Amino acid sequence: MGFSQIKKRNGAVVEFDATRIEIAIGKASSAAGDEVPTEDIALMVENIVSNLESLLTTDALPDVESIQDLVEQELMRSGHYQTARTYIVYRDTHKAIREAMERDSSQKLEQNELKVIAKDG
C-alpha cells in the first residue's frame with residue numbers, strides 16, 4: 001500500500017485503517033436490507049484502496065472525504081444502489097450536523113458565551 005496515514009476533517013493525521021471502510025459499508029448495507037453480501041465487502045475495500053493509491057501523488061495524504069467519495073463510487077459501480085443511497089444520505093446528514101455545531105460554536109464565541117471550565121482548555 002502506498003500510504004499508511006490519512007487526514008481527518010479536523011486536520012489531524014491518523015493511521016489508515018481499512019476495517020473502518022468495511023464497517024461503514026456493512027452498516028450502510030444493513031440499513032439497506034443487507035444488499036451487499038458480506039463476502040463482497042472485503043473485495044470492495046480492496047478496490048477502493050487500489051483506486052485511492054492510483055489517484056495519489058507521491059507523499060500525498062488521502063483525506064476522509066476522498067475516501068468516502070470512492071466508497072460511494074464503488075458501491076454504485078458494483079450495482080449496490082440502495083446501499084450507496086443510504087451511505088450518501090448518512091454522509092449528508094452528518095455533514096449538516098457538523099455545520100450546525102460549527103455555527104453554534106461560532107455564535108457562542110461571538111457572543112462571549114464560550115467559557116473555559118478546566119485548566120487544560
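Tutor: Helices (H or I, at least four residues) and strands (E, at least two) are DSSP runs, numbered from the N terminus. By that numbering, S50 lies in helix α2. This is a predicted model, in which local features need pLDDT of at least 70 and side-chain atom pairs count only at pLDDT 80 or more, while totals for chains, interfaces and linings use all residues. Residues are numbered from 1 along each chain as its sequence is written, and side-chain values use heavy atoms, with hydrogens and water left out.

Student: Why does S50 count as partly exposed?

Tutor: Buried means under 20% relative accessible area, exposed means over 50%, and partly exposed is in between (1.4 Å probe, protein chains only). S50 has 40% relative accessibility, so it counts as partly exposed. The C-alpha atom of S50 is separated by 21 Å from that of S29, and these two residues are 21 residues apart along the chain.

Student: Which quantities describe two packed helices?

Tutor: They are described by the angle between their axes and the distance between the axes. The axes are lines fitted to C-alpha atoms, for helices over the stretch in contact, and the angles run from 0 to 180 degrees between N-to-C directions. For helix α1 (residues 18–31) and helix α2 (residues 38–55), the axes come within 10 Å and cross at roughly 125 degrees.

Student: Which residues of α1 and α2 meet?

Tutor: Contact means heavy atoms within 4.5 Å. In α1, A18, I21, E22, I25 and G26 meet I41, M44, V45 and I48 of α2. The residues of this contact divide into seven nonpolar, one polar and one charged. Here Ala, Val, Leu, Ile, Met, Phe, Trp, Tyr, Cys and Pro count as nonpolar, Asp, Glu, Lys and Arg as charged, and the others, Gly among them, as polar.

Student: How do you know that R91 and E65 form a salt bridge?

Tutor: A salt bridge is a side-chain nitrogen of Lys or Arg within 4 Å of a carboxyl oxygen of Asp or Glu. For R91 and E65 the N to O distance is 2.6 Å, so the pair meets the definition. R91 lies in helix α4 (residues 81–110) and E65 in helix α3 (residues 64–77), so the pair ties together parts that are 26 residues apart in sequence.

Student: What other partner meets R91 in a salt bridge?

Tutor: The side chain of E72 does so, at 2.7 Å from N to O. E72 lies in α3 and R91 in α4, so this pair ties together parts that are 19 residues apart in sequence. A network of salt bridges links R9, E65, D69, E72 and R91, and the structure holds five salt bridges.
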